[in-house]
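Hi everyone, thanks for coming. I'd like to walk you through a structure today, and I'll take it step by step.

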Amino acid sequence: MMSRTSYYDTYQDVANSVTVIMLPYNSSTSMMIVLPDERGGGVAGVEGSINKDHIRRWRNSASKKYVELFLPKFSISADAPLENTLKEMGITNAFENNADFSGISDNVKVKVSKASHKAALSVTEMGTEAAAVTVFEFIWYSRPPTVRIDRPFLVFILEKSTNSILFMGKINNPTAM
């Protein structure tokens, strides 16, 4: 587990039994971690009810709080085939022998044999440092609240200007990372 005490945008959604913490990722994106409460329905309960309005409300309701954050190092990746999706969108000729990719090659006939989307997210001490912001350190007379990401959670990478979800994933066993 990595730990850091700093200011983070956080939100406690009592109605949906989750804690949300926003971490700076880079200048145009942020990482949203959605941690279901221990007494709630867990990740499965959140997955079953989450929608874009929840994510928008969580992002807009999060406010800066000084917290002690414990976050596991983790890495997730996904590989999704796109051939059927592209064909459903009407892009069919690209996969056939009569595909016209003359702008790519005039000499050799070319067609698409495989289309896939690969995504990966890795969070380590180095990534945390790279996304760090300047903060002032204070001496507190009482300990700040603790957010411990030690049970299954959801993670989203959000683009700031368009409010788009660029990546979403689920970590089932953060203590095994």
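How many helices and how many strands are there in the protein chain? There are four helices and nine strands. Please keep in mind that what you see is a predicted model. If you follow the chain from the N terminus, the elements come in the order β-β-β-α-α-β-β-α-β-α-β-β-β.

The protein chain has an average pLDDT of 80, and 88% of the residues reach at least 70. Which element has the lowest mean pLDDT, and which the highest? Helix α4, residues 125-130, has the lowest, with a mean of 46, while α2 has the highest, at 92. Across residues 127-140 the pLDDT is below 50, and in the model this stretch has 16 contacts beyond near neighbours in sequence. Where pLDDT is low, the predicted coordinates should not be read in detail. Let's move on to the sheet, then.

In which order do the strands of the open sheet run? Seven strands form this sheet, in the order β7-β4-β1-β2-β3-β8-β9, and the pairing is mixed. At the edges sit β7 (146-148) and β9 (165-171), each of which pairs on one side only. Ignoring direction, neighbouring strands in the sheet are turned by 35° against each other on average.

Now find α2 on the screen. Helix α2 packs on the sheet and touches β1, β2 (18-26), β3, β4, β8 and β9. The direction of α2 makes about 120° with that of β1.

Let's look at some strand pairs in detail. Strand β3, residues 29-36, pairs with strand β8, residues 153-159, in the antiparallel sense, over six bridges. You can find Met31 standing opposite Ile157 of β8 there. On we go to β8 and β9, which are also joined by six bridges in the antiparallel sense. Here Leu158 stands opposite Ile165 in β9. The hairpin of β8 and β9 has five residues between the strands, and within the hairpin Asn163 takes a positive phi near 60°.

Next come the charged side chains. How many salt bridges does the structure hold? The structure holds six, and I'll show you some of them.

One of them is formed by Asp9 and Lys64, with the closest N and O atoms 3.6 Å apart. This pair links distant parts of the chain: Asp9 belongs to strand β1 (residues 2-13) and Lys64 to strand β4 (residues 63-71), 55 residues apart. Are these two residues buried or exposed? Asp9 counts as partly exposed because its relative accessibility is 24%. Lys64 has 57% relative accessibility, so Lys64 counts as exposed.

Another salt bridge joins Asp53 and Arg56, where the closest N and O atoms are 2.9 Å apart. These two residues are three residues apart in helix α2 (residues 52-61), so about one helical turn separates them. Asp53, at 44% relative accessibility, counts as partly exposed, and Arg56, at 39%, counts as partly exposed too.

Asp150 and Arg151 also meet through their side chains in a salt bridge, at 3.4 Å from N to O. Asp150 counts as partly exposed, with a relative accessibility of 31%.

Along the chain, Leu86 and Ala115 are 29 residues apart, and their C-alpha atoms are separated by 8.6 Å. At 21% relative accessibility, Leu86 counts as partly exposed, because buried means under 20%.

Finally, let's zoom out to the whole chain. What share of the 177 residues counts as buried? The share is 33%. The protein chain exposes about 11,200 Å², and carbon and sulfur atoms supply 53% of that area. Among contacts with a separation of 6 or more, 70% come from residues 24 or more positions apart.

That's my tour for today.

Note on methods:
Residues numbered from 1 in each chain as written. Heavy atoms only, no water. Salt bridge = Lys/Arg side-chain N within 4 Å of Asp/Glu carboxyl O. Buried < 20%, exposed > 50% of the residue type's maximum accessible area, 1.4 Å probe, protein only. pLDDT = per-residue confidence, 0-100. Contact = heavy atoms within 4.5 Å. Pairing = 2+ DSSP bridges. Axes fitted to C-alpha atoms, helices over the stretch in contact; angles between N-to-C directions. Areas by Shrake-Rupley, 256 points an atom, 1.4 Å probe, with all protein chains shown as cover.
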